[in-house]
Amino acid sequence: MDLGAAGLNEQPFRTHGRPLATVSYASHNEGLKVLEESCTQANGLSLIQGPTLSGKSSLVRKFVDSMPQEWSVAVVDGKGLNTSGLLQAILRQFGYVLDQSSTNELLGLLRVFTMQQAASHEPPILIIENTHALKASALRSLCELADLKVQRTSALKMVLVSDRPLLRLIQSPEMTPLADRLTHDFHMRPMSNEEAMRYVYDKLRAAGSTVPEFVFPMAVCTELWRASGGWPGILDRVALLALANSATLPVPQEDIERPVLPQGTWIDADHVTADSESTEPAGPPTLYVSHDGETLRELTFDLQRLLIGRSEHNDISINSKFVSRHHALLVRHGTSTFLMDLNSSNGTFVNSRRISNHVLIHDDVITIGNHRIKFNDPHATRRGSLDGSEFAETAVMKTLEDMRSLLAQENTELLPTLTENLPTSGV
């Protein structure tokens, strides 16, 4: 579709260079706070981790742009750099024009520069992207730089950015100078549905749209969020392709591509630091039951299962003619939550789509009759599958067996139909 036809003056979802607009969201703001706190501490060193397209580059750019002009900041891509390559890249960022120099000469230049800056003004800031891809020799040089001090204050503030968890690497015996300075171990988190919708609409407005809801209606924005997993870089690409492929407005849901989504880096991290709020163990989900926009009930899902239906014997009882006696079942297995429709008359819907078996993620909205149940679990960011270790069928089978005693009390004929609606291998 031509951008003008959508009321746009520019491409709102740029995938290269500076974005047209930087839209803040919870994880982005938390990351900025981490960086600011790290740079105010005498020996601050932060780890910023997140999968590709998780918003790390936008976070770093926003942080650098917020720095006072007189501060010295170097942003270096560490991919494939050895000692010499790393030192040259850092010095060039600090304004040096280099001739052929030995590694020792480069290290000496950088040592003098950082210590002079730290003694007379503020210690310079070094941000290394793709830290995991540095050569071993470059990592050893990084440890030498981490040891530089002026009156017990580090001569160089450091931010190490990576697509992979870094804590295990930093805590290895060879990296002690880095580990001793570690103040923050931060992992980027995806956006919620509401944040993703604001992200899309703010970018459309920045590109000239006066009615962004006409380009991507709210239901389509929800599909964009689901397709991207809430990762901003992926959301940009999915929205860009949907806009380009659409022949009509508003953009239909069918034009939204669904790429394979990455895991968050915190999933593979073996340890967390005490001050890393975003890496706390997952707590139980919260459910918000509403009708006509009014919240009727809020409850914590800290049981193995919750039965939903019209009968008063249900854990969530909804007195409505549109709700079956035993309408749907929620099951917890590990950190995952599974929703199953119990052959209800009017069906069970998640984000406006009818389901039979479904693994829930954060901000999913379950519709049962005229009632809605919002699922709140910030740690549930991947849809996953219903088979394998993530959601064993035996766990659901056991829950159904446990339900039999409850249902028998009501002397209903519902039990024989339950076994016909066991989880399948599809979502």
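**Cysteines, a helix and a crossing**

Cys 39 has 6% relative accessibility, so it counts as buried; buried means under 20% relative accessible area, exposed over 50%, and partly exposed in between, with a 1.4 Å probe and protein chains only. Cys 143 is also at 6% relative accessibility and therefore buried. The structure holds 0 disulfides, a disulfide being a pair of cysteine sulfur atoms within 2.5 Å.

Some ground rules. This is a predicted model, in which local features need pLDDT of at least 70 and side-chain atom pairs count only at pLDDT 80 or more, while totals for chains, interfaces and linings use all residues. Residues are numbered from 1 along each chain as its sequence is written, and side-chain values use heavy atoms, with hydrogens and water left out.

On the whole chain: it has 13 helices and 18 strands, taken as DSSP runs numbered from the N terminus, helices being H or I of at least four residues and strands E of at least two. Of its 427 residues, 50% are buried.

Now helix α1, residues 26-40. Its 15 residues should span 21 Å at 1.5 Å a residue, and the end C-alpha atoms are 21 Å apart, which agrees; the expected span is 1.5 Å times one less than the number of residues. The buried residues of α1 are Ser 27, His 28, Gly 31, Leu 32, Val 34, Leu 35, Ser 38 and Cys 39. They cover an arc of only 160° around the axis, which puts them on the same side of α1; the arc is that of the directions from the helix axis to the C-beta atoms. Lys 33 and Thr 40 are exposed on the other side. What covers the buried residues includes β1, α2, β3, β6 and β7.

Next, which residues does Gln 41 contact, leaving aside its neighbours within four places in sequence? They are Lys 157, Thr 183 and His 184, contact meaning heavy atoms within 4.5 Å. Gln 41 lies in the loop between α1 and β1 and, at 32% relative accessibility, counts as partly exposed. Its C-alpha atom is separated by 8.8 Å from that of Lys 157, 116 residues apart along the chain.

Last, the crossing. The axes of α3 (residues 83-93) and α4 (residues 103-120) come within 10 Å and cross at roughly 35°; axes are lines fitted to C-alpha atoms, for helices over the stretch in contact, with angles from 0 to 180 degrees between N-to-C directions. Residues making the contact include Leu 87 and Leu 91 of α3, and Leu 106 and Leu 110 of α4.
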